Structure formats: C-alpha cells, structure tokens
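Please describe this structure for a reader who works with computed models.

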Amino acid sequence: MTPINRRGFVAAAAAVAVSPESAAALGQTAGVSDQSAMNANELDFSDDADFKAADKGFIAALEPGVVKNAAGDVVWDNDAYDFLDGDAPKTANASLWRQSQLVRKQGLYKVADRIYQVRGLDLSNMTIVEGDTGIVVIDPLISAETAAAALELYRDNISADKQVTGLIYTHPHVDHYGGCRGVLPDGAGDVPILAPEGFMEHAVSENVFAGTAMTRRSIYMYGAHLDKGPTAQLGCGLGQNISTGTVGLLEPTKYVSETGQRETVDGVVMEFQMTPGTEAPAEMNFLFPELRAVCMAENATHTMHNIVTLRGAQVRDAKQWAAYLTESVGLYDGQVDVAFASHHWPTWGNDEIVALLEAQRDLYAYMHDQTLRMLNSGMTGKEIAEEFQLPPALAEVWANRGYYGSVSHNVKGIYQRYMGWFDANPAHLWEHPPVAEAKRYVKALGGMSSAVGKAREFLREGDLRFAATLLNHCVFADPDHQQSKQLLAQVYEKLAYATENAVWRNFYLTGARELREGVKQATSASDSSDVKAALSVDQLIDAMSVRVDGPKAWDLDLAIDWYLPGQATYWHLRLKHGVLTRTSGSAPNASAGLTLIMSKVQLLQLLAGKGLGSIQASGDVTLLTRLFSVIVTPTADFNVVTP
C-alpha cells in the first residue's frame, strides 16, 4: 500500500471515502483505503453539535412514521430506517451512516417564534410560519399524502383550526411543490402562492422534456427500488428517500423577480434574495425581518450539493452560487438568529450561520476556481477529478462532506459547463458505442473467460474500479453471461459499502440489483395531471416535438392548425423533414390541411389518446392520425447496466 498522503485524501474523500472497518473488510485499493484515514483521523466523530441541532425544538413525531394513500398503499415509511440506531457496520461508510442518522430524525420541530418545520416525512422539509389569521406553508414536500400528514401533525400539536393562508415554493424541483394538493386540496382559491420568476417554465420543462430519462436515473440516484438496511439503502444524503404519493402542481399567483423585493402574506413580512442558476434555474432565499430568521431554500444545506446531478440536469453555475452566498452573508449577518433550509436541520446563532454560509461559499468557489486552473493547464475532467484536493479546513466541515454531491462528479460538471463532453483527444472523437466497444475489448483480452479471469485478478489486488470497468465490458459484450453479471454485481456492492456519498451508494446497489433481477417499471412526475394541465400550448407542442421519430417522419409534410377560442390564438403546426415546428397568431394558416377548434381541456384529452370527441375538425382528419403515428411514447424502464 502506498503511504498515506493526508492532504491528498482529505480532498478526494468528499468523492469516495471509506470507514476503516470497510477498508479492512473489503481489501480496497490504496487509492480508496488511503482515504479511510480521513474518517479515522481527520473527522471528529465525537462532535455532537449536529445531533443537538437536529433535536432542538422537537415537539412530536408521527407515530408510526408511515404515510399511506387512500388505497392503503404505503407512500412513505420512515420507520424502515430504525436500523440506523446502531453503530456503523462494515457494510457502510461511518461518515455516511452518521449523516443518515441525522437525516432520518422525524417529526414536528419549533424553529423560532411562529416558525415550525416538519422533517423526516419526505425527501424535503415542510416549513410552517404562523401569520395573523392562519399559516404560510413553505415547500409542501413531494406528495399530497405526505404534505397532508405533515400539516395534520402541526394541527394536532399546535393549532387545530389554522387554515393555510399562503404557500411559497422556493424553487421548481418536485420535492418543493409536488405536495401542494395536500395543503390546498381544493386549489388555491384566494390563497396567494409565491414563487421565483421562471418557476413554471422550469418546473414543467424538467419534468416533461427530459422527464422520462431523469425518472429512470432518479431510481438509481435515490435507491427507490432498494430495500432499506445496513447492506442496502441508507438514505440519500439530502433526505432519506422520495415519497411515492400523488404529485400536484398549483400555479403561482405571484412571482418574485428581484432581490430586495418585499411581500407580506397574512401579516408575515418577507424580503427576498433572488439566486437563479444556483441549485435550481429559479430559486430564492428570503428573510423574515420581524422574526430574525432566514430561509436559505436549497442554497446552503448540511452537505456538499450537486453542481451536476447524477439523475441528469443542466450544469449549475458554481461561481454564481458562491457569489450569491457572499451576498447572503452581507444581507443576513447581524439580522438573523436562525437559518433554516428546505432540507436538513436549522443553524442557530449569527456566528454559526455566517460560518456555514462562508464554508459552503468557499467550497463551491474553490471547486470552480481550481477546476478552471487545472483545465487551463491542459487537464481533462477525469484527470482533474482524480487529482483535485480540497483544503483540509473545508473538507473537515461536516456540512461540506460529499453525501449528496461529490468532489469527483462536481468538478467534472464544472469542466463540462465550460468545455463540453470532448477532452480534445482525437481518439475520443469517434469511439465505438458501448456494445461494439465491449465486444472488441473482450476479443482483445482473449475472449470472455480470459476477460473475466483478468477482472478477478484486479479484484484480488483490490482494484475494484478497474475490475468494474473490465466486467462492464464483459456484460455489454454478452449480457447473457451470468458469471460476469454476478461478479460485477459483487464489485458494485463492495464499492457501495465503501463510499461516503449516498447517491453513489444507491447507484452501485441499484446497478447490482438490476444485474441480478432485471428492471422494475418506473413512473414519472410528468404523469401528474396537474403537471400536464400546467403546460402551456407552446410547451405541449414542444413536448410532442422531442417525441417525433425523425427517420419515420422524414417523408411526411403536414400542416395542422389548433385554435383555442379561450386564448383567441391559432397554433400552426408543421411536420417536415422529421421536425415538428410551431408558430402562432390571431389568423388561421391558409395552407393548413386540418383545423381543430377546442378548449385546453379537450386538447389535453386529445393528447392523452382519447380521440377527437367533441372537438370541431375541418379538413383532412387523417393528417392527425399520420402525425400521431410518428410520435413515440418513451418508457422509463430502459436498461442501464446492460445493453
């Protein structure tokens, strides 16, 4: 084993760190086991400040910690994580185990005067602020069922008769709006719903345009199909899991557009800080000046966050993220006694809040600046990720640990943001796709038996990473070769047990499970009727355009008009050269071969496959059939670890 370089592994540990027990048990490589010293010697496991903060203000827990839907199906089970009460086993990284112990704490907590949080009933937190007559809810979780349970927990223990008088979405990720129907089951009515400018555009685009692929990868990221236990899913670092109830979307009634904007909802005064391009394309922090509290949304939590998520998303701007946190320090230093976020537990005390914001600011700034320095020296994203070192003063901060984001995939994301996928090596311009490449590797290694044998050698030497690479080639070269699939599953498990990053663990374990058992069917948040209804006509057409089977549509030339009297607008659809384009205006297209006159509801029914019904149609209705014949319905159960 090579000598331990503490400054080196301190930085890399945020990407993959191992508990000393795991390293000894699994026989990891020097490159991995060296990092175990970070846990043993650098991290202070006697520090219980986070545990005290996570318990502070506890009022009551949901007993049992299980939420069911109307049909009696379990959509959330926090009690499944009771196994975390013990010490970290050899099958879990000790630092990740500690984080999961903190995050699985469940119940209603008092944050400050008039401010409460319900934590541990979904991936995210729901915050409740008492107003003059009712309550303002911030981020109503993922599902209506979990949000309703959270609200009931507040009403059972604090005030049974307070109605929801305001709703705030901090940003357009589903775990911050999906449970809206649980707190406003009859819709918004006169209740104001506030959100950052651009909320609707990003809420629907993420869940519709690339929603199928993101849903599939989210199953890996959150370990949605994994069992819960010491050898299985421990959590997600950001929260324990994602609920599986009913997703809704109520459109905001008022948008926040600039920093310094003040709004009052039911007597609750809020002053906003806009932070677009950070954790989400549209996001905002906000100060409660009269309560000396600040909501940091998802911009400052108790983990390193993602610059690029493993489920897939646009790369976030680490430089801008850091700049907004600098601005936050200037805005809130001396103005607040508590900072709370949409995940994890609050931070109390002005000095402690500033320290958290500055540590996370420096984390994102350092990753950004040093990645740029290294790429400008000619290093590729993979090379930067392998060599990157965080300063010990940043790496030793618990809130900077890589439980959700990681140094490794974050610096690759920063590289991608500036340089794209290509590393400038001509050999990488035109590589074979995975199956073709795998067959050639296996042939070059002397056939399947020889390739698997060489993988076993690397496994015996402790080089799990290269063993995984070789075995992955074997599986893609022959997906029916059970020996290589089973061995690769074992390697993925060993990597999972060692990593500090929860979503890496979930990826490894889900990959292992699918190698052994195959793929389970998935559903998408875009299946929500609320999400579909929230799409504008332009977005509905755009969603169709990305589902056109281009080669099948090469020879089609169709022109169809949609007219919605309620919007007094004609949408002109043109399918030509395999591309569906749109324009709109107040006048019909004289060249349209078919015109449909309908309401938005009728349009949604048409797109759901319910036929024309009472829609008024003039022209050649077969054009509609020809259009729909080249629009494919994607499935969220495509293979990942096999071809």
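## Basis and a buried arginine

A residue is called buried when its relative accessible area is under 20%, exposed when that area is over 50%, and partly exposed in between, with a 1.4 Å probe and protein chains only. The model is a predicted one, in which local features need pLDDT of at least 70 and side-chain atom pairs count only at pLDDT 80 or more, while totals for chains, interfaces and linings use all residues. Residues are numbered from 1 along each chain as its sequence is written, and side-chain values use heavy atoms, with hydrogens and water left out.

Arg104 is buried, since its relative accessible area is 14%, and it sits in the loop between helix H6 (94–103) and strand S4 (107–112); helices (H or I, at least four residues) and strands (E, at least two) are DSSP runs numbered from the N terminus. The side chains of Arg104 and Asp85 are joined by a polar contact of 2.7 Å, a term for a pair of N or O atoms within 3.5 Å of which, within protein, one must be able to donate a hydrogen and the other to accept it, residues adjacent in sequence counting only if both atoms are side-chain atoms. When neighbours within four places in sequence are left aside, Arg104 is in contact (heavy atoms within 4.5 Å) with Asn78, Tyr81, Asp82, Leu84, Asp85 and Gln240.

## The eight-stranded sheet

Eight strands form an open sheet of mixed pairing in the order S1-S4-S5-S6-S7-S8-S9-S10, where two strands pair if DSSP finds at least two bridges between them. Strand S1 (58–60) and strand S10 (254–256) are at the edges with a single partner strand each, so one side of each is left without a neighbour in the sheet. On average, and with direction ignored, neighbouring strands of this sheet are turned by 25° against each other. Helix H7 (residues 144–157) packs on the sheet and touches S1, S4, S5, strand S6 (126–130), strand S7 (135–138) and strand S8 (164–168), its direction making about 40° with that of S6; axes are lines fitted to C-alpha atoms, for helices over the stretch in contact, and angles run from 0 to 180 degrees between N-to-C directions.

Within this sheet, S4 and strand S5 (residues 115–119) run antiparallel and are joined by five bridges, with Lys110 opposite Tyr116 in S5. S6 and S7 are connected by a hairpin through four residues and pair in the antiparallel sense over four bridges, whereas S7 and S8 run parallel, also joined by four bridges. In these pairings Thr127 stands opposite Ile138 in S7, and Val137 stands opposite Leu167 in S8. Both faces of S7 are covered, with Ile135 and Val137 on one side and Val136 and Ile138 on the other, all of them buried.

## The six-stranded sheet

A further open sheet has six strands in the order S11-S12-S13-S14-S15-S16, again with mixed pairing. Strand S14 (residues 293–295) and strand S15 (residues 338–340) pair in the parallel sense over three bridges, and Ala293 stands opposite Val338 in S15. Helix H11 (residues 318–332) lies across strand S12 (268–274), strand S13 (284–288) and S14, running at about 145° to S12.

## Packing of two helices

Helix H12 (residues 350–375) and helix H15 (residues 407–419) pack at an angle of about 60°, and their axes are 10 Å apart. Residues making the contact include Met367 and Leu372 of H12 and Val411 and Ile414 of H15.
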